[in-house]
Amino acid sequence: MFAVGHMALAYLLGKPVAKLLKVNLNVPLLLVLSLIPDVDLLFGGFISHRGPTHSIVTAVLVFVPFFVVYRKKAIPYFLGLVSHAAVADFLVGGDLQLFWPLTNADFGLHELGSYYIAINSPVNVALELSLFVVATLVMFKAGDLRGFFQNKKSNLILVVPIATVLLPSVVGYPLAVPVLLVLPHLFYLVLFGVSVLVVFFGFFKKKKDR
Ligand SMILES: [Zn+2]
C-alpha cells in the first residue's frame with residue numbers, strides 16, 4: 001500500500017484498541033509508526049525492500065522494551081507498526097519476509113495461492129481510498145483531527161513523513177502515486193504541514209513574549 005493506506009489502516013486498528021484498553025493515543029505517533037517499515041526504501045543498497053523491516057519478529061523485538069515500560073499503552077502502537085506488513089502489504093503485493101530471521105521465505109496473500117493485488121491496481125486504489133475516507137471520518141468524529149492543530153511538541157515527529165514520503169509522493173513527474181490517491185496524500189501533507197507550523201509559530205511567539 002501507499003502511505004495513505006498504511007496510515008488509515010493503522011488508525012482504524014489502533015484507535016478502537018486504544019479505546020477498548022482505555023489508554024490515551026498519540027495519533028501522529030501511531031501514523032508515523034505505520035510508515036516505518038518502508039525505511040528500507042531509503043536504504044535500498046543495504047537492505048532488501050519488504051525484508052527485515054517488514055518482519056513481525058523484528059517488530060516484536062523492537063517493542064519488547066516498550067511493552068516492559070508502557071505495558072498495555074504500547075499495544076495500539078505495536079498494531080500500527082505491524083499492520084503495515086502483516087495486513088496492508090500482505091494483501092497488496094506480498095513478497096514479504098514476514099518471519100525474518102526465522103525464515104527468509106516470502107509471504108503474502110499471493111504466495112498463499114490467492115489473488116494477486118498489485119499496488120497500482122484499481123483494487124488497491126479503491127481499497128486505499130475507502131480506508132482513507134473511513135479513517136478521516138472517524139478521526140473527525142472522535143476529535144482526533146483537532147490534535148493536529150494544537151501546539152504539541154510531539155507533533156514535530158510529522159516532519160519525518162512529510163520529508164520522506166508525502167512530499168516525494170505528490171511532487172515530480174511522473175507521479176509516485178496513482179492519480180486518485182494524490183488528493184488523500186495532499187490531505188495528509190497539508191494536515192501534517194499545518195501541524196508542524198503551529199508548533200513552530202508557538203515556539204517563536206513564546207520567544208517574543210519573553
Ligand atoms: Zn512496506
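## Aromatic pairs

Rings of Phe, Tyr and Trp count as a pair if their centres lie within 6.5 Å. By that rule, this predicted model holds eleven aromatic pairs.

In the pair of Phe132 and Phe187, the ring centres are 5.4 Å apart and the planes meet at 75°, so the pair is edge-to-face. Phe132 belongs to helix α5 and Phe187 to helix α7, so this pair ties together parts that are 55 residues apart in sequence. Phe132 counts as buried, at 12% relative accessibility, whereas Phe187 is partly exposed at 31%.

Phe132 also pairs with Tyr188: here the centres are 5.6 Å apart with the planes at 75°, so this pair is edge-to-face too. Tyr188 lies in helix α7 and Phe132 in helix α5, so the parts tied together are 56 residues apart in sequence. Both Phe132 and Tyr188 are buried.

## The nonpolar core

Some of these names return in the largest nonpolar core, which has 47 residues. Those with the most contacts inside this core are Met7, Leu31, Met139, Phe148, Tyr188 and Phe192. Helices α1 (3-21), α2, α3, α4, α5 (122-141), α6 (159-170) and α7 each supply at least two of its residues. The most comes from α1, which gives eight residues.

Met7 is a handy place to start exploring. Neighbours within four places in sequence aside, Met7 is in contact with Leu31, Ser34, Leu35, Leu166, Tyr188 and Phe192.

## Ser195 in helix α7

Helix α7 (residues 182-209) also holds Ser195. With a relative accessible area of 0%, Ser195 is buried. Not counting residues up to four places away in sequence, Ser195 touches Phe148, Asn155 and Leu158.

## The zinc site

Next comes the metal. The zinc ion has as its protein donors Asp38 (OD), His54 (NE2), His84 (NE2) and Asp89 (OD), at 2.1 to 2.3 Å. Along the sequence, these donor residues follow the spacing D-x15-H-x29-H-x4-D.

Why is the arrangement around the zinc ion irregular? The four donor atoms subtend angles of 87 to 179°, and a tetrahedral site would need all angles to lie between 85 and 135 degrees.

Methods:
Residues are numbered from 1 along each chain as its sequence is written. This is a predicted model: local features need pLDDT of at least 70, side-chain atom pairs count only at pLDDT 80 or more; totals for chains, interfaces and linings use all residues. Side-chain values use heavy atoms; hydrogens and water are left out. Helices (H or I, at least four residues) and strands (E, at least two) are DSSP runs, numbered from the N terminus. Buried means under 20% relative accessible area, exposed over 50%, partly exposed in between (1.4 Å probe, protein chains only). Contact means heavy atoms within 4.5 Å. Donors are N, O and S atoms within 2.8 Å of the metal (3.2 Å for Na, K and Ca); water is not among the atoms, so sites may look incomplete. Four donors count as tetrahedral if all angles lie between 85 and 135 degrees; four count as square planar and six as octahedral if opposite donors are over 155 degrees apart and all others between 65 and 115; anything else is irregular. A nonpolar core is a set of buried Ala, Val, Leu, Ile, Met, Phe, Trp, Tyr and Cys residues joined through side-chain atoms within 4.5 Å. Rings of Phe, Tyr and Trp (its six-membered ring) pair if their centres lie within 6.5 Å; planes under 30 degrees apart count as stacked, over 60 as edge-to-face and the rest as tilted.
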